[in-house]
Amino acid sequence: MIYTVIDTFYLTDEQLKNSPSRKDGIEEATETNLRIYGCDLIQESGILLRLPQAVMATGQVLFHRFYCKKSFARFNVKRVAASCVWLASKLEESPRKARQVLIVFHRMECRRENLPIVHLDPFSKKYAELKTDLSRTERHILKEMGFICHVEHPHKFISNYLATLKTPPELTQEAWNLANDSLRTTLCVQFKSEVVACGVVYAAARRFQVPLPENEPWWEVFDAEKSAIDEVCRVLAHLYSLPKAQYIPVCKDGDSFTSSNKSRDSQTQPVSKEVLPSGASANNDTVTPKAAASATINPDSGGSKNSVVKQALDMLKESKKGDDDPKSMAVEGEGREEPIQSKSEHRTEASGERNKERERDRDRERERVKARDRDRGRDSDRERERDEIDRDRDKVKDRKHRSKDRAKDSGGHSEKSRHHSSRDRDYHSSSYSSREKDRHRHHPYS
């Protein structure tokens with residue numbers, strides 16, 4: 001059997017037990033649950049994105065390899081699953097856009113957590129954050145893999161092994177299903193794909209009670225060991241005994257796809273509420289000096305020092321009562337709302353001016369178009385006049401040529417007629433003279 005050199009990402013049982021997630025205090029059952037949950041997300045998203053099974057299998061293998069080097073407490077399962085699907089689609093030459101992947105995972109999370117299904121706006125701030133985090137997580141995956149993302153799946157070995165063993169066709173489908181389920185476990189990072197294929201064939205034959213040759217063990221032909229096959233069967237049996245995987249919030253950083261900025265807003269709201277009393281106290285501070293000034297201004301008008309002090313105290317009490325009244329608060333609120341209204345008015349005025357400028361530009365463009373049309377109409381009229389003049393000239397020339405031809409034809413006929421008349425005259429004269437001669441010959445005496 002020929003093995004590829006780059007397919008070397010395999011770990012031992014001790015390395016799996018001492019994974020980064022265990023070092024961060026995550027239990028084995030929680031880690032197994034999150035692995036299965038992430039693989040479920042990858043499988044379901046691949047079906048919704050209409051990806052081939054090879055893409056989903058590659059994404060699940062990349063998912064397990066990444067969490068063999070990184071902890072679940074530092075990287076969110078949902079974000080990593082989405083990045084694995086996006087990367088696997090490009091590796092298997094069935095690429096999907098980041099927008100499609102994010103929308104699918106957002107919808108899946110809404111359904112799984114029984115939240116109202118809201119469309120993820122591609123132009124929102126939340127979408128921009130998710131997209132940047134998707135590409136960032138993809139870079140983390142490639143960095144941890146050393147940019148070696150070659151994956152060999154057990155599926156391509158199953159059909160060859162079953163054809164060699166001459167098993168019934170039902171066994172092929174069962175072995176294929178078991179191979180898909182094995183991707184939710186850590187078998188892909190423990191054993192080579194040939195060993196996993198042998199274990200899957202063995203489990204399928206046991207389920208359908210199909211005998212396989214054991215006098216000469218058939219797994220030795222495919223470079224597998226009985227202990228490895230038994231381990232594969234044990235892991236698959238443990239997988240089927242577990243309940244449905246649920247999401248457990250373990251990650252310290254990173255929000256989910258549906259989490260909004262409510263927490264940030266809730267943190268900022270108390271601050272704005274606390275600003276109001278401080279503003280009121282500032283107003284009180286500004287009012288008290290005026291009262292003190294008014295109290296100090298009137299000592300000369302009359303009364304002793306004690307009366308002046310009493311008047312000042314009374315003024316202070318009245319100013320405090322006036323500040324505590326809701327009317328004064330309402331007045332202050334109106335005073336504070338005035339700059340906001342002025343800002344809104346400035347905005348409306350600016351928008352109105354912009355609209356007017358746009359209308360002016362449109363009118364100018366319309367006038368330019370009309371002027372061009374007029375110029376084109378004038379040019380067309382001038383061309384028509386020129387054509388008519390040329391036609392008239394051609395007609396005049398034709399008439400002149402025709403008259404010349406007629407004149408020539410008439411001159412030729414006259415000359416011919418003259419020639420014929422002279423000939424006739426000569427003929428008649430010659431005939432007359434000959435007749436006279438004949439008369440003199442026959443009648444000499446006459």
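**Exercise 1. Classify how α8 and α9 run relative to each other, and describe their contact.**

Solution. α8 and α9 are roughly antiparallel to each other, a label for angles over 145 degrees. Step one: take the axes, which are lines fitted to C-alpha atoms over the stretch in contact, with angles from 0 to 180 degrees between N-to-C directions. The axes of α8 (residues 155-165) and α9 (residues 169-182) cross at roughly 155 degrees and come within 10 Å. Step two: assign the hand. The crossing of α8 and α9 is right-handed, meaning that the near helix is turned clockwise from the far one by less than a right angle. Step three: list the contact (heavy atoms within 4.5 Å). α8 supplies H155, I158 and L162, while α9 supplies L171, T172, A175, W176, A179 and N180. Step four: sort by class. The α8 contact with α9 has six nonpolar, three polar and no charged residues. Here Ala, Val, Leu, Ile, Met, Phe, Trp, Tyr, Cys and Pro are nonpolar, Asp, Glu, Lys and Arg are charged, and the others, Gly among them, are polar.

The model is predicted: local features need pLDDT of at least 70, side-chain atom pairs need 80 or more, and totals for chains, interfaces and linings use all residues. Residues are numbered from 1 along each chain as its sequence is written, and side-chain values use heavy atoms, without hydrogens and water.

**Exercise 2. Locate S94 and decide whether S94 is buried or exposed.**

Solution. S94 sits in the loop between α5 (77-91) and α6 (98-112). Its relative accessibility is 16%, so S94 counts as buried; the cut-offs are under 20% for buried and over 50% for exposed, with partly exposed in between (1.4 Å probe, protein chains only). Leaving out residues up to four places away in sequence, S94 touches L51, P52, V55 and S89.

**Exercise 3. Summarise the whole protein.**

Solution. Then burial: 32% of the 446 residues are buried.

Technical notes
Helices (H or I, at least four residues) and strands (E, at least two) are DSSP runs, numbered from the N terminus. Angles under 35 degrees count as roughly parallel, over 145 as roughly antiparallel, 65 to 115 as roughly perpendicular and the rest as oblique.
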